[in-house]
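Open the model in your viewer and keep the selection tool at hand. The tour goes from one selection to the next and says what is there.

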Amino acid sequence: MFYDEQLLSLTHRFEDYQRHYGAVSPPVYLNSLHLFPTFEEYLDADTASEDCFVYGRVSNPTTRLLERKLAALENGKDAAVFSSGMAAATTAILATCRAGDHILSMRDVYQPVKRFMSAIGVPRLNLTCDYVSGLDLGEIERAIRPNTRLMILESPATFVFTVVDLRAIASLCRKHGVLTYIDNTYCTPLFQNPLDLGVDIVMHTLSKYLGGHSDVIGGALIVNDESLMRDIARNVREYFGGILGPMEAWLVLRGLRSLDARLKAHQQTAMRVASFLEGHSLVRKVYYTGLPSHPQAETISRQMRGHTGLMSFELDRPKEDAARMINQLKLFGKGCSWGGFESLALCPLYRASDEEMRFLGLQNRGLIRIHCGLEGEDNLIGDLRQALDSIEACEPARPQ
Ligand SMILES: *Cc1c(COP(=O)(O)O)cnc(C)c1O
């Protein structure tokens, strides 16, 4: 009867209006514990059941509603939500790996995950980690060792929006007994569903488009395997204590209602911004998954259903001019993160070391990353045009 299950999950699915006096917005269960009619019923509480809640560090009705929606949105069996995207990412590692295990990771995954590996995973937990581009199946297969347990993916990855063939990598890893994990934040569940392509663990930060209003920090893991979910939620999350709070869960539930409408607007704006940038004489190169010029356009058309508001571009100028251009922007805020209503701009590699640049295989520290918010395409293009034109009118900065 319904052809778009995802839109129903964003809106009505799993809501129980009658239980809450017909309230169209679910209550925030701001409680730390739940009471039972008798001590025996407390002792026998079946915490595995959908309707049984005991203590807020383990589960909460508002938080649970969000988990059910996220699981449905990713075509997963179950989801667990966390107090941040990083709590979710590190939980995925802790729930799958043990001391002595080897991890493979793409080079351009979210930097704090790599820093977690070098600060904690390798020196304190006795894991080892090797990095690959993700673009070459042979390179991945050669890097897999007998003790490789997990492959960490992010596609599209931020910086230059590298896209990798998820179905092929998942199948190769499965053949070698390696679990696959992907940070699916860029696409949101609406534009890419990696579990359907054979990936084992999908991670989202809720702090970007899913929350959508730059007012909440949270993360999620979604899987199809029940015993893996037990390790994630019952073991690691319960003992590290990183569950998402009910108020934050409610904010994300509210964000989900408008996710589809917001993403359509972000996509439409970003498509026009990307074409405008590609046509500007000061711009050398634009990195956006929606452009036909993207080097993995064919893979994109197979595994993604849309494009969001994030992109990067390079100027035909030194990095100091990229910084000046950002400062000329009036509507684009100067700050990290993305996925909210607001437009943002920065140079994520401005202070990257030579070693880091070589490692990433990138040359330009002046790479500008922008998030196209909801201020309207004409306003954003106008702002970018005046900033680019004003830099073009000046002599190039002398590199420092
Ligand atoms: C922001 C971000 C994260 C981290 O999420 P937090 O909620 O800030 O911990 C992870 N991956 C990507 C791609 C992100 O943009």
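A residue is called buried when its relative accessible area is under 20%. Keep in mind that this is a predicted model.

**Stop 1: a glutamate in a loop.** Select E15, which sits in the loop between α1 (5-10) and α2 (39-43). Is E15 buried or exposed? Its relative accessible area is 13%, so E15 counts as buried.

Stop 2: Select β8, β9, β10 and β11. These 4 strands make an open sheet, in the order β8-β9-β11-β10, with antiparallel pairing. Which strands are at the edges? They are β8 (283-287) and β10 (344-346), each of which pairs on one side only. From one strand to the next, the twist averages 20°.

Go through the pairs in sheet order:

- β9 and β11 are antiparallel and pair over 4 bridges; L310 stands opposite H371 in β11.
- β10 and β11 are joined by 3 bridges; L344 stands opposite H371 in β11.

Stay on β11 and show its side chains. Both faces of β11 are covered. I368 and I370 are buried on one side, and R369 and H371 are buried on the other.

Stop 3: Select residues 319-328, which form helix α13. This helix packs on the sheet and touches β9, β10 and β11 (368-371). The direction of α13 makes about 130° with that of β9.

**Stop 4: the nonpolar core.** In soluble globular proteins, nonpolar side chains tend to be buried together. How many residues has the largest nonpolar core here? It has 120 residues. Select L66, L70, M151, L277, M311, M325 and I370, the residues with the most contacts inside this core. Next select helix α11 (residues 259-279), which gives the most to the core, with 7 residues. Then colour the two domains: domain 1 (5-257) and domain 2 (259-392) both give residues to this core, so the core lies between them.

Stop 5: Not counting residues up to four places away in sequence, L70 touches A79, V81, L206, L210, A220 and I222.

Key
Residues numbered from 1 in each chain as written. Predicted model: local features only at pLDDT ≥ 70, side-chain atom pairs only at ≥ 80, totals over all residues. Heavy atoms only, no water. Pairing = 2+ DSSP bridges. Helix = DSSP H or I, 4+ residues; strand = E, 2+ residues; numbered from the N terminus. Axes fitted to C-alpha atoms, helices over the stretch in contact; angles between N-to-C directions. Contact = heavy atoms within 4.5 Å. Core = buried A, V, L, I, M, F, W, Y, C linked by side-chain atoms within 4.5 Å. Buried < 20%, exposed > 50% of the residue type's maximum accessible area, 1.4 Å probe, protein only. Domains from an automatic or database assignment.
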